[in-house]
Amino acid sequence: MGSESVELVRRVYLAWQAGDMEELLSLVDPEVRWSPVVRFLEGERPAVGHQGLRRWFRRVRITYRSLRPVPHRFEDHGSRVLVLGRLLGASRLEEGDLDVSVSWVWTVRGGRVVAMRAYLGERAARAEIASR
C-alpha cells in the first residue's frame, strides 16, 4: 500500500492547494482526525470528521487571505506518509504572514486518509513514525 499512500497524500495536497474542499473530502475518511500546525484556530484540538474539517478551513479563510502547504519531500512508511515542507500564509490580521517549516504525518487506511498530524519539528514527526 506504500506508493498508493504517497499518491493519495499528493492528491490531498493538490486539492488543498487548489482550495477544492469537495475533492479533499473525497480523499479523507468521514471520521478523519486533522491536527494542523495552526491548532490555535481549533483551541488545540484536532478537527474531526468532514464537518470539523470544513469548519477548520472556514476559520482559516477568516484569518488568512491564503494558507498554502508546500510539500518538498514525501517518504513512504507503509500506511503512513511523512511529508517535509513549508506552510505559507498571508494573514488578514496584524500579526503578520506565516512561513514555517512543517513535517506532516499522514495515516492511510482503506484508500483514505484517516489522520493528519503536523509538527513544527522534523524530529517529533519522525518520532511519531518510529513509535508505531
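Visitor: Where is confidence lowest, and where is it highest?
Guide: In the protein chain the lowest mean pLDDT, 90, belongs to helix H3 (residues 49-63), and the highest, 97, to helix H2 (residues 21-27). pLDDT is the predictor's confidence in each residue, from 0 to 100; helices (H or I, at least four residues) and strands (E, at least two) are DSSP runs numbered from the N terminus.

Visitor: And the ground rules?
Guide: This is a predicted model, so local features need pLDDT of at least 70 and side-chain atom pairs 80 or more, while totals for chains, interfaces and linings use all residues. Residues are numbered from 1 along each chain as its sequence is written, and side-chain values use heavy atoms, without hydrogens and water.

Visitor: What is the mean pLDDT of the protein chain?
Guide: The mean is 90, with 93% of residues at 70 or more.

Visitor: Switching topic. How many aromatic pairs are there?
Guide: Eleven. Rings of Phe, Tyr and Trp (its six-membered ring) pair if their centres lie within 6.5 Å; planes under 30 degrees apart are stacked, over 60 edge-to-face, the rest tilted.

Visitor: What is the geometry of Tyr-13 and Phe-74?
Guide: Edge-to-face, 5.8 Å centre to centre with 90° between the planes. Tyr-13 is in helix H1 (residues 2-18) and Phe-74 in strand S3 (residues 64-77), so this pair links distant parts of the chain, 61 residues apart.

Visitor: Buried or exposed, those two?
Guide: Tyr-13 is buried at 1% relative accessibility, and Phe-74 is buried at 18%. Buried means under 20% relative accessible area, exposed over 50%, partly exposed in between (1.4 Å probe, protein chains only).

Visitor: What about Trp-16 and Phe-57?
Guide: They are also edge-to-face, at 5.9 Å between centres and 90° between planes. Trp-16 lies in helix H1 and Phe-57 in helix H3, so the pair ties together parts 41 residues apart in sequence. Trp-16 is buried at 7%, as is Phe-57 at 9%.

Visitor: Which residues form the aromatic cluster?
Guide: Tyr-13, Trp-16, Trp-34, Trp-56, Phe-57, Phe-74, Trp-104 and Trp-106.

Visitor: What lies over the face of Phe-74?
Guide: Arg-10, at 4.1 Å from the ring centre. The rule asks for NZ of Lys or CZ of Arg within 6 Å of the ring centre and within 35 degrees of the ring normal.
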